[in-house]
Amino acid sequence: AEGGDPAITELKDWNSYLGEGVVARPYGTPSSFEAGVVRRDVPWLTADATSSVSFTPLHDLDGIITPNGLCFERHHAGIAEIPPDEHRLMINGLVDRPLVFTMDDLKRFPRENRVYFLECAANSGMEWRGAQLNGCQFTHGMIHCVMYTGTPLRYLLEEAGVKTAGKWLLAEGADASAMTRSIPMEKALDDCLVAWKMNGEALRPEQGYPVRLVVPGWEGNMWVKWLRRLEVGDQPWEHREETSKYTDLLASGKARKFTWGMEVKSVITNPSPQAPITHGKGRTVVTGLAWSGNGRIDRVDVTLDGGRNWHEARIDGPSLPMALHRFYYDFEWDGSQLLLQSRAVDDRGFVQPTKNELRAARGDNSIYHNNGIQTWLLTADGGLENVEVS
Ligand code: MTE
Ligand code: CO
């Protein structure tokens, strides 16, 4: 341009004056220019904010780790604010020694660090009967992926001594909902964690401070927050969250129960309705997330024409079991209208289904476990819309 680019040629305040010194923000906060990067809710979804959900802004993130302040929240009775020194975790029921742990007690057990996604079973639930919410934050944002630090649940159960009749575990939260879920003992002894750190820092209050259960690959509802009690029993408890809720009503009128595992799934996060293409045609990066409760993601394919032709995407970053995977597909956009989709395959060979395949198998009464392929319509102006192809 005539006279040069003012972004280069003009002297700016930040070139001319000293900036703030160290510890201006003792606990750092994002740049003020990132003020639009926030969790959001959909007020008409729930009657009240205390039994509700907020959504992770997936379209604003990259890599595989969700920053703690952006992890979606799902509370049945608001956020419990628990002083850690007043918190206790009890193990009772079919055990040799009923035990009560303080937070200090828990921190003396051997620790492990593991990265896992947590997906609410209701993620994408509003999309069962057709395209509804315009943005991946709302269609797919009931998911986060962080590194947990905690002790394997197995160590605590070994300390208590599970009796041979003890085949099930009831996990109970200390919040006003006293959330409870039955977990089979094999899973409890396999890979569950009792965790008190996320991404290196203390759990956020929203995520269950001071301690939560981590149930890798399984629906978020089982990851009891503010964990206060573990009861060992010989059968499942059939509580509200595993009978009236978190069951899947099929077309036959029968309901599937104990559908714990989160199946293989993916979504394109950019471009997407909240993140349109503003650069016009030419070099374009398509990116998104893929995950499976079965293990690792083996492959992600991307289509630009609603599923006629598929192209293998590039997975970049760590490929960890039951964690988010980041994929990229780099291409030259010719400026024409496209139908963008991604399809993931996990290391057990499961392939993400189309929404029609899913509805053929499960009917359309469901809320939970929608892992169908998402379609974004990209129009010539760079805008995107949530649509379905038949
Ligand atoms: N645990 C307690 N105690 N109370 C709750 O309301 N909500 C559950 C689960 N654990 C809940 C809970 C549900 S439905 C989900 S999806 C996850 O927590 C959400 O975890 P997050 O808030 O860390 O995203
Ligand atoms: Co949930």
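User: Hi! What volume does the second largest pocket have?
Analyst: Hi there! In this predicted model, the second largest pocket has a volume of about 260 Å³.

User: Nice. Which residues lie nearest its centre?
Analyst: T29, P30, P67, G69 and L70 lie nearest the centre of the second largest pocket. Its lining is made up of 16 residues.

User: And how do those divide into nonpolar, polar and charged?
Analyst: The lining of the second largest pocket has 8 nonpolar, 5 polar and 3 charged residues.

User: OK, what about the largest pocket, what's its volume?
Analyst: The largest pocket has a volume of about 430 Å³. It is lined by 21 residues, and T46, R74, A122, I367 and Y368 are the closest to its centre.

User: How many of its lining residues are charged?
Analyst: There are 4 charged residues in the lining of the largest pocket, together with 10 nonpolar and 7 polar ones.

User: Switching topic: how many cavities of 30 Å³ or more are there?
Analyst: The structure holds 4 cavities of that kind. The largest cavity has a volume of about 230 Å³.

User: Which residues lie nearest the centre of that largest cavity?
Analyst: Those are R74, R212, G220, W223 and K225, out of 20 lining residues. By class, the lining of the largest cavity has 8 nonpolar, 7 polar and 5 charged residues.

User: Where does ligand 1 sit?
Analyst: Ligand 1 sits in that largest cavity.

User: Which residues come nearest to ligand 1?
Analyst: There are 22 residues around ligand 1, and F72, H76, D175, R212 and K225 come nearest. The shell splits into 8 nonpolar, 8 polar and 6 charged residues.

User: Let's zoom in. What does K225 do with its side chain there?
Analyst: A polar atom in the side chain of K225 lies 2.5 Å from an oxygen atom of ligand 1.

User: And F72, which part of it lies 2.7 Å from the ligand?
Analyst: For F72 the backbone is involved: one of its N or O atoms lies 2.7 Å from an oxygen atom of ligand 1.

User: What about W223?
Analyst: W223 also uses its backbone, where a polar atom is 3.2 Å from a nitrogen atom of ligand 1.

User: Last one: how much of the ligand's accessible area does the protein cover?
Analyst: The protein covers 100% of it. On its own, ligand 1 has 530 Å² of accessible area.

Key
Residues numbered from 1 in each chain as written. Chains lettered and ligands numbered in written order. Predicted model: local features only at pLDDT ≥ 70, side-chain atom pairs only at ≥ 80, totals over all residues. Heavy atoms only, no water. Near = heavy atom within 4 Å. Polar contact = N/O pair within 3.5 Å; in protein donor to acceptor, adjacent residues only side chain to side chain. Areas by Shrake-Rupley, 256 points an atom, 1.4 Å probe, with all protein chains shown as cover. 1 Å grid on protein atoms, 1.4 Å probe; cavity = no way out; pocket = protein on both sides within 12 Å on 5 of 7 lines; lining within 4 Å. Sits in = over half its atoms within 2 Å of the grid points. Nonpolar A, V, L, I, M, F, W, Y, C, P; charged D, E, K, R; others polar. Points joined across faces, edges and corners; volume = space filled by probe spheres on them.
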